[in-house]
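Here are my comments on the model you sent.

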Amino acid sequence: MDKYIYDDKNDLWYELQGDYYIPCLILPAEKEQPIGLWGQRHLQYLKEYRRITYLNLLTSGRLNAYLADIDKQTEEMFFRLVEQMKQAQGIMEQLKAENALEWTGRLNNIRACAREIVERKIIFA
C-alpha cells in the first residue's frame, strides 16, 4: 500500500496511518498576536460553551486575530468604565492623599463592578 494517495474527487492527499488513510489537512497560516487575560478567558469560554464557534475560528485561521480583538475591546471598555465610575463617585487623588485605605477599597469595588460588566457584555456573550 502506498504511503500517500491523492483523491481527484475532493483534491485531497491522504496519508496511510496504520490500516487507514487519514486526510493531510493543514490549518491556514495566521499572524501570531499576543493575547492577554481577557482573550484567554474568552478562549476558555469558547472551548467550553461555544465549541462550534471555536472550531470554526480555529479551522478558518482567524482565532488568534479574533481573540486579540476581543482582548483589545475588553481592555478599553474596562478602563473606560473604571474612569467613568471614579468620576461618578467622586474618587479623586485628594481622597488618596487623605485616606489611602478608603481610596483603595472604593477603587477595588469599582474595578470588581467594571470586571463583572465587561465579562457579561463581551467575555461570556
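1. The protein chain, a predicted model, has five helices and three strands. From the N terminus on, the order of elements is β-β-β-α-α-α-α-α. The radius of gyration is 24 Å, well over the 14 Å that the globule rule gives for 125 residues, so the protein chain is more spread out than a compact globule.

2. Of the 125 residues, 28% count as buried. Taking contacts between residues at least 6 apart in sequence, 57% join residues at least 24 apart.

3. Strand 1 (residues 4-7) pairs with strand 2 (residues 12-17) in the antiparallel sense, over four bridges. Asp-7 has Leu-12 in strand 2 as its bridge partner. Four residues lie between the strands of this hairpin, and Asp-11 takes a positive phi near 55°.

4. Strand 2 also runs antiparallel to strand 3 (residues 20-23), joined to it by four bridges. Here the bridge partner of Glu-15 is Ile-22 in strand 3. Which residue in the turn of this hairpin has a positive phi? That is Gly-18, at about 70°, in a hairpin with two residues between strand 2 and strand 3.

Methods: Residues are numbered from 1 along each chain as its sequence is written. This is a predicted model: local features need pLDDT of at least 70, side-chain atom pairs count only at pLDDT 80 or more; totals for chains, interfaces and linings use all residues. Side-chain values use heavy atoms; hydrogens and water are left out. The radius of gyration is taken over C-alpha atoms; the globule rule is 2.2 Å times the number of residues to the power 0.38. Buried means under 20% relative accessible area, exposed over 50%, partly exposed in between (1.4 Å probe, protein chains only). Contact means heavy atoms within 4.5 Å. Two strands pair if DSSP finds at least two bridges between them.
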